[in-house]
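Work through the following exercises with the sequence and the model at hand. Each task is followed by a solution in steps.

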Amino acid sequence: MKFGKEFKQQMVPEWTEAYMDYNGLKRILRQIRFAKQCKQPSKSLKLLRHRSRLHRPFNAQIPEKDDTSEERDLEGQVIDVNINRVGHRKVYETKIRGNDEENEEDEVSFFKKLDAELNKVNTFYKDKVEAVVKEAVQLDKQMDAFIALKVIVENPDTDDDTSHSTNSITEPSDSTNPRKEGTEMSQGNKQTERTDSNSAHVRTCTMAPQGEIKGSDHKSAFIEILDRVKINNTLETPLATLKGLIKDSREDELSFEKDELRKFYQKLRLLKHYSFMNLSAFAKIMKKYEKFTSRAAAKAYMKVVDSSYLGSTDEVVTLLERVENMFIKHFSNSNRRNAMKSLRPKVRKEKHSVTFFTGFFSGFCIALLVAIVLSIETMKLMDKKEGTSYMANIFPLYSLYGFLVLHLLLYGLDIYFWRRYRVNYPFIFGFKHGTELGYREVFLLSSGLAVLALASFLIVVVITFLPFNVIYRSSRFFLIRCIRRCICAPLYQVTLPDFFLADNLTSQVQAVRSFSLYVCYYGLGEFSRKQNKCHSHDGYNAFYFIVAIIPYWIRLLQCLRRLFEEKESVHAYNGLKYFLTIVAVAIRTAFELRKGKTWMALALVSSAVATVMNTYWDIVMDWGLLRRQLQNFLLRDKLVVSHRSVYFMAMFLYVFLRFCWMQLVLEFDLPSLHKMTALTIFSALEIIRRGIWNFFRLENEHLNNVGKYRAFKSVPLPFNYYDEGKEN
């Protein structure tokens, strides 16, 4: 694979604009090569190519030479790189040696762009490193409070002289006598001691003379740390929400989980990879420059790159080593292998068996459907009155599985296009690294579900809640957790997977109704009479009415929760949108059950208002389109799909599908079977509309992350330190 493709694939999607523009520099080099080919005869061109092959290519691992040889090599370079200071930043500017007439205009523009890319990469990398260093200081304090609390709780009456220490993230530690601890904080110097591997460790934050610290003094140091700590209450669970309303946050239980260090470790790994890929890109592009121009410039420029902040700082590597040591000591019982397995989860490999079974189940499902159609045609059920009535009852029952399979297929297509256009959907949804499903796995689940649906509905439910580590347990449990958080809204803190799932449930109202019909038909014995009189039961009618409102009610509660937490008016308008939708669905369901021209007029007006408002919100707010006075007319400045016509076609199709379901409000004089067929078709179109919405909604979220260079989530901190000199 060429480096250009590998460089693009290895980019952090949210940092794409912060990487060196390798392809842009390659385009300038092609212009330089084309200009030289036009000026030189073919014989000279062959000689130039021969000389370029004989020229020793640049290698990042250059063997050590004496100073005289290195100076002689640098003297042969054709460029001079000047370093200027603008504030606290270094700005690099390259000039080509020789007369201006000898310097090609394209070469000048090449080095001008190269300097701009180096300045951009250096600035971005330095800002990110400074941010993680500040975060490391905060994590140090968090570990101090956590270990102090752990020691006080586990040994409340300890009075021995055992000292506790740890390796700080931000400062290295020196090992000396395990039974003594010398603490020296003056002038920024500090020494720590180590105990047995089974003991807890803490970095003492108090001033003490060098020497032995007794147990009582050490315990007082722990208490002093905890006196300056307040427990943060994030109200992420129903219990925490209820406690936050009636109790003080300091009374809540405290936990410092491994996830905090894991997330911080992943940040450091991304920064290390960012530095490595950009350094490799600079080396590759300078190698190509020498190859195309036969002018020595790589050594001089790479010497500047290596001495820049991007190539010279080792803070990230140092922090990585210290986080590893801390994780090994405190969270893996000094087992390095288990710690590294937890910090560096392996990427799940693609399996050929997934593709094979997807095709196998798909073919099997198609064969079963063909067999069912042939059986109906052979028995001539449609020619009999009883057969037509029976089919009208059975059709809505098993359309439930068709809706679910169609939704899964569209989700698989969304994943395929998200991956193709490098939308970081695992990060946006918050999937655990290495457990996210690809489009092949989703297609396998959809085809397998179609086969199982023909066997038994109970099997599908059992597999969903199966506790064993089979059939993508992590993804099944992730779905169950999201469903639980949706049901318990607004007691849970709202995250993107929660409202994303709730929005998708609003398109599965007919599937939920089919499930209630399934229970009524087989639970009340209607199947024995081969007729459907479920609507004659008052309980079924009430459930039929409520089940259509539940998904929109969940979204309304989620909007209220976000309005309470974030205090942004946009959530109030979004909640109003779902309230109007609830009113429209309620009136439409009442019209479906009771009929009448009055109900029909109310249903048409309410449905039209809700549809117009939902369509505008989806395209403008959720997709971020229809923006004026931008680079892309009626779209947005940044687009993942390069063809703008795709967005206009998607908006037109989306509006069309939005208004399709309004046709159900109109009364059609059709047989019952044909009515059910029309209802199924419109419900399938609604699911297709939701699949289109999913892609562009996540694309807009991804571009928001790209604009803010947000490649990882913030680390939640359970402790809050009081400032010295202030009251608690």
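**Exercise 1: a hairpin**

In the hairpin of E1 and E2, which has two residues between the strands, Gly87 takes a positive phi near 70°. The model is predicted: local features need pLDDT of at least 70, side-chain atom pairs count only at pLDDT 80 or more, and totals for chains, interfaces and linings use all residues. Residues are numbered from 1 along each chain as its sequence is written, and side-chain values use heavy atoms, with hydrogens and water left out.

Task: in which sense do strand E1 and strand E2 pair, and over how many bridges?

Solution. 
Step 1. Helices (H or I, at least four residues) and strands (E, at least two) are DSSP runs, numbered from the N terminus. E1 covers residues 79-86 and E2 covers residues 89-96.
Step 2. Two strands pair if DSSP finds at least two bridges between them. E1 and E2 are joined by eight bridges, in the antiparallel sense.
Step 3. Within this pairing, Asn82 has Glu93 of E2 opposite it.

**Exercise 2: overall composition**

Task: how many helices and strands does the protein have, and what percentage of its residues count as buried?

Solution. 
Step 1. The secondary structure comes to 26 helices and four strands.
Step 2. Buried means under 20% relative accessible area, exposed over 50%, and partly exposed in between (1.4 Å probe, protein chains only). Of the 728 residues, 42% count as buried.
Step 3. Contact means heavy atoms within 4.5 Å. Among contacts between residues at least 6 apart in sequence, 72% join residues at least 24 apart.

**Exercise 3: aromatic rings**

Task: classify the pair of Phe111 and Tyr301 as stacked, edge-to-face or tilted.

Solution. 
Step 1. Rings of Phe, Tyr and Trp (its six-membered ring) pair if their centres lie within 6.5 Å; planes under 30 degrees apart count as stacked, over 60 as edge-to-face and the rest as tilted. The structure holds 34 aromatic pairs.
Step 2. For Phe111 and Tyr301 the centres are 6.4 Å apart and the planes make an angle of 50°, so the pair is tilted.
Step 3. Phe111 belongs to helix H5 (residues 105-154) and Tyr301 to helix H9 (residues 298-307); the pair links distant parts of the chain, 190 residues apart. Both Phe111 and Tyr301 are buried.
Step 4. Ring pairs also build a cluster, with Tyr416, Trp623 and Phe696 among its members.

**Exercise 4: backbone in loops**

Solution. 
Step 1. Ser334 is not a glycine, yet has a positive phi of about 65°. The loop between helix H11 (315-331) and helix H12 (336-343) holds Ser334, and its relative accessible area of 38% makes Ser334 partly exposed.
Step 2. Lys567, also not a glycine, has a positive phi of about 55°. Lys567 is in the loop between helix H22 (550-566) and helix H23 (569-594) and is exposed, at 61% relative accessible area.
Step 3. The peptide bond from Ala489 to Pro490 is cis, with omega near 10°. Pro490 is in the loop between helix H18 (473-487) and H19.
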